[in-house]
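I open this notebook to keep track of what I looked up, going from a single residue out to the whole chain.

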Amino acid sequence: MSGVSHFLLSWYILGSISCCSWAWTVDIPNTIKAMLGSCVVIPCSFDYYENPPHNPNRVVWYQYVRHGYPLVYDNRNSQSVIDIFRGKTSKVIIFGGGKQCSLKIWPVTWHHHRQRIYPWVDPENVGKWTYRFFDKTVTIEVTDRAEKPDIVISGDMRVGQSVTVQCSVYHSCVTNPPSLHLNIPLKSHRLDTTLMSNGMSKTTLMTKLNIERELQIVKCSVHYKGGQTAISSIAFNAKCSFLSLNIRSPEEFLEGQPSKVTCTATFTCPKQAPVFKWSYGNMPAFTSISRIAETQWKSESTLTFTASANDNGRSLTCYMQFNDGTGRQEAMVPLRVKRNILSRGWYFTTPDSVTGMRGSCVFIPCRFTYTNSMPADLRVIWYLLQGNQYPPVYDERQDVISKYRGITSLTGSVGEQNCSLKINKLDEIHGQDRLYPWIDKNPITFYHMADHSFYDKTTQIIILDHAPDPQLSTSDTPRVEEETSVVCSVQHTCFSSPPLLTISGILGSDHTSDTSVSDGVWERRIERRWTPKEEDQSVKCTVRYQGGQTATSELRLNVRCPYEKITMTEHPIKATEGVAQSVICSVSYKCRKNKPTIVWNYSDMQRSVSDEQLPNNNFVARSNLTFIGSLDDNGKSLTCTAQFLTGNTSDSTIIHVKKYEKPIEVVKMEEVFHTLAGEVPFRFPALTQSCVVIPCSFQQQENMLLTKGVWTKKSGRNIYHNAQSQVLDHFKGRTKILGRMDEGNCSLEIDDINAFDNGPFCFHAEHKKEKYRFNSSCVFVVMKGLLSLFLHDI
């Protein structure tokens, strides 16, 4: 063959091969790095314009050699894969879509170093005449040294700000990338792996970092499956920052009342603690620093600002500068000062409370005084105490709240500095309300009440629905037939319509009066004059209010029945022992029920009592004592006592008692007696109202027998005679001779001897017409009031 023909044939063959090769493309990297012990993914893709493969998913990888086709990967003939790749290769999909031929080798060993391999798509159907796959190979470069990761920080490099930290590493194992670790907390982090154009992959760990200090060091480490690691670090200096100065204060300042004004600086570096100054430097302030966040500090200067009235309209300024001389700022607040109510220039007085009856009225007394001259045309308003509100209960220029509408009025003159309020028709809804007046040319909202509340100046309304009992008393102790008075009174708060008082139970004349007890309190008083009677037991007083409430008080009168002093009308002037005397005590008194008991200190003696009624309900009680004195009674007192229910009255006298002396017997010339020897005691004791035997004896005469005996009084009148008709009536049936006269026994028995039966009694005998008397024949009976004394004397 000529040279020209050979040239043309060669050109034709090459042209055909080139034409077919141009119809296919395979994209793989020329070289790829692989980490020992890790995996390597060789990205591979293909495309064609003609001669499509029958099975585009069929991919085989071969080792590049001069002769033959050693298998690196064949999923159909895995046993034919050469030893260094057997069991270590697999096809992976790392792109979206089809036409992929990527190969994964895991784990990578040193045997893979410098190996050239290439893919073949559908080798059973796509021959080398279609595309020369072995012309496009990739060389594996195995290494056991990890490269340091890359650190990138982006954002505002200021303390307290947040920046983005990215740590990236390049590798060739897109399916199992190495792990990345940062020395900072992960916040909103993300891990991305992307395939690069050179066949390598890039894994990036991205997170947010809050800068906490000026010098910050970020470290990032990479860890491969084969155990290789590498660390990178980056240090950066952050700038300090601060926020705008902030000042907080009340919208309104109260005159004379301390208020807190706070100036706040927020900064990120503690070394930059600020210094504060105030335009009112004479007032106290204190500064505090606190950490409010991880990278944020707050410094506050709190000024205790006490405003005066002259500060209104001015401004208060806070100045701040950091201690390193930077960051000078200032903030200002305007001053709106509300006057203190204590500066109003006037004051008032009202009671702490007033008490009124439901349905009645009540007065709240009120006086006011201006420290300087009082303005003209002052207006009086009364308010209900209700938090920060000012509901009026009386105002002649504006409507008042409903529950006080039409029932309030002023009772005093403003010109006379009187601001008293009257409330009519009190109801339960007014109970516990607290009211206070306002007398100022400025409205009440013009002032503030800090540290001062009208509460301690308010008057509380107390509503009663039950009338208190009226007070009932007597002017003195009522005494029968002595004029006196009963007084009934009640305090109230409605002078214009006072309550009605009525007295019942006694008859008399009334006098009603009203007096002021204190501001807003009056006393209604009714006095009834009457003359007490014995039958008056009690008196009642009833009060009735406008609201219909009533109350009644009752008073037990305990009317006293008067009596006079008891008097001893007959006194024992000079008594003889044993001789009875009548002693009379009498007392005048009123009231039959008050009849007294008259007692004597000699209670064993006979006495009699009598009562006599006199005109005008007067009575006289008398006690007649039969007094029989003894010598022991001489010098003692005799006392009579009238015992009444309400007391006692007594009278007394000194007793004078003399001893009975035997009298000298005087024989009357006209009396003819024969005197014989006899024996009778000249004095003999006896107990009144008892039986007494007076011993008597005489000597009978030899020539005659005396059988008739007679006992007589000194006067000669008989107290004993055998003929009763000859005996005094007083002694009839009570006397007899006990012994036998023929035996010389003339003893006399006196039965039921009376107090005045003292004698002397004398014995004589009669024989025919002759009378015979005896020497020592008279006896004096000494009466005894006490049996013990009687027994003693015996």
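I began with R434, which counts as buried because its relative accessibility is 10%, where buried means under 20% relative accessible area with a 1.4 Å probe and protein chains only. I noted that the model is predicted, so that local features need pLDDT of at least 70 and side-chain atom pairs count only at pLDDT 80 or more, while totals for chains, interfaces and linings use all residues. Residues are numbered from 1 along each chain as its sequence is written, and side-chain values use heavy atoms, with hydrogens and water left out.

I then placed R434 in strand β35, residues 434-439 (strands are DSSP runs of E, at least two residues, numbered from the N terminus). I found that the side chain of R434 makes a polar contact of 3.0 Å with that of T458.

Next I turned to an open sheet of three strands, ordered β13-β16-β17 with antiparallel pairing (two strands pair if DSSP finds at least two bridges between them). Because β13 (179-182) and β17 (229-237) each have a single partner strand, they stand at the edges, and one side of each lacks a neighbour in the sheet. I looked up β16, residues 215-223, and saw nine bridges to β17, with K219 bridged to S233 in β17.

Last, I looked at the whole protein, which has two helices and 63 strands (helices are DSSP runs of H or I, at least four residues). I recorded that the C-alpha atoms fill a box of roughly 250 × 85 × 55 Å along the principal axes, and that 44% of the 794 residues count as buried.

Conventions. Buried < 20%, exposed > 50% of the residue type's maximum accessible area, 1.4 Å probe, protein only. Polar contact = N/O pair within 3.5 Å; in protein donor to acceptor, adjacent residues only side chain to side chain.
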